[in-house]
Amino acid sequence: MRPLSDLAAVVLWMAGALLSFSATAIAVRELAPALVLFDILAARAAAGVAIVGLVALSRRRPVPARRVPLHLARNLVHWGGNYAWSLGVTLLPLAVVFALEFTTPAWVTLLAVLILRERLTASRLAAVVLGFLGVLVVLRPGLAALQPASLVVLGSAVLFALTAVATKALTRTESVLSILFWMNLIQLPLNLAAGRLFPAVPAVAFEGRHGLALAAVCVAGLTSHWCLTSAYRRGDAILVMPLDFLRIPLIALLGWRLYGEPLDPWLFLGAGLIVGGIVWNLAAEARRRPLAPVPRRA
């Protein structure tokens, strides 16, 4: 049985992750009228370079890039996923964005079979099937929810899955600190260049409240993944994943309270199918071998 101290640590780390992911989404929504999305992502990447770099210096840990082509490929894909997710936050109800993002582990499973030639077990197949059924329930083809923005967020989930497969390969030789540092360093000029190539006029002037939202994006963008990774280190994925699922009702309540977004029971049913398939697969994997963290976006 896992010690109570570990269980308490997992709950606390996941509380930090839930708040950080929610804060990031709300901050992007608040900033979007005053800043171009590429500029928001550039500020987040710049903060990541500074913070991760200072942590590396304080710990006297080098951040070498031994596999530059894989770093570049991974971060080009991840950059696209980040932009698509951020765009979805500005166009769709926040809970829909989070529910669709939860299909990433199902895409990882499918891609691992197709690209890494991993075995397609019954539980992995169930995770993929339930994930896609959950998407159909959330979007209900033919209704208003099925719009180009929904496809954009689904595309971000696929890109995050490809990122996870590349990350799995990188972790064989690179530290998490190194991966995060080079992720932000590579994506910073990409965002700056894209912002200049596709200029846009903000709808409103930048005000003090936008400065607070920008600070939230920069800080929460890092703490979300730091908290989630720490939770996985202290607890098995089968414990962490259901807690992570609480992000959906939390962001649904925040979206309802802040933006008047409806609390759609179909969304919760679809999200339950998606996460249920993931947990089913985790339980089956646990019986076969010790659990590894569920690949998520970094």
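Start with the rings: six aromatic pairs are present in this structure. To pair, rings of Phe, Tyr and Trp (for Trp, its six-membered ring) need centres within 6.5 Å; planes under 30 degrees apart count as stacked, over 60 as edge-to-face and the rest as tilted. Keep in mind that you are looking at a predicted model, where local features need pLDDT of at least 70, side-chain atom pairs count only at pLDDT 80 or more, and totals for chains, interfaces and linings use all residues. Residues are numbered from 1 along each chain as its sequence is written, and side-chain values use heavy atoms, with hydrogens and water left out.

**Stop 1: two tryptophans**

Select Trp13 and Trp226. Their rings form an edge-to-face pair, 5.3 Å centre to centre with 65° between the planes. Trp13 sits in helix α1 (residues 4-31) and Trp226 in helix α9 (residues 208-234), so this pair ties together parts that are 213 residues apart in sequence. The helix names come from DSSP runs numbered from the N terminus (H or I, at least four residues, for helices; E, at least two, for strands).

Are these two buried or exposed? Trp13 is partly exposed at 26% relative accessibility, while Trp226 is exposed at 52%. Here buried means under 20% relative accessible area, exposed means over 50%, and partly exposed is in between (1.4 Å probe, protein chains only).

**Stop 2: along α1**

Stay on α1 and pick Ser22, which lies in that helix. Ser22 counts as buried, with 2% relative accessibility. Leaving out residues up to four places away in sequence, Ser22 touches Phe98, Leu250, Ile251 and Leu254. A contact is counted when heavy atoms come within 4.5 Å.

Now jump to Val89, which is in helix α3 (residues 68-91). Val89 is buried, at 0% relative accessibility. Show Ala25 as well: from C-alpha to C-alpha, Val89 and Ala25 are 6.4 Å apart in space, although 64 residues separate them in sequence. Apart from neighbours within four places in sequence, the contacts of Val89 are Ala25, Val28, Arg29, Leu94 and Val97.

**Stop 3: α2 against α3**

Next, colour helix α2 (residues 37-59) and α3. Their axes are 10 Å apart and the helices pack at an angle of about 125°. Axes are lines fitted to C-alpha atoms, for helices over the stretch in contact, and angles run from 0 to 180 degrees between N-to-C directions. The angle makes α2 oblique to α3; under 35 degrees would be roughly parallel, over 145 roughly antiparallel, 65 to 115 roughly perpendicular, and the rest is oblique.

To see the contact, show Leu37, Phe38, Leu41 and Arg44 of α2 with Trp79, Asn82, Tyr83, Ser86, Leu87 and Thr90 of α3. By class, this contact of α2 with α3 has six nonpolar, three polar and one charged residues. (Ala, Val, Leu, Ile, Met, Phe, Trp, Tyr, Cys and Pro count as nonpolar, Asp, Glu, Lys and Arg as charged, and the others, Gly among them, as polar.) While you're here, highlight Phe38, Trp79 and Tyr83, which form one aromatic cluster.

Then slide to Arg60, in the loop between α2 and α3. Most residues other than glycine have a negative phi. Arg60 is exposed, at 79% relative accessibility.

**Stop 4: α3 against α8**

Among the contact residues are His71, Leu72 and Trp79 of α3, and Trp182, Met183 and Ile186 of α8. The contact of α3 with α8 divides into nine nonpolar, seven polar and one charged residues.

**Stop 5: α5 and α6**

Finish with helix α5 (residues 104-114) and helix α6 (residues 122-139), whose axes come within 9 Å and cross at roughly 135°. That makes α5 oblique to α6. Show Ala106, Trp107, Thr109 and Leu110 of α5 facing Arg124, Ala127, Val128 and Phe132 of α6: these residues make the contact.

How many of the 11 residues of α5 are buried? Eight are, so α5 is largely enclosed by the rest of the structure.
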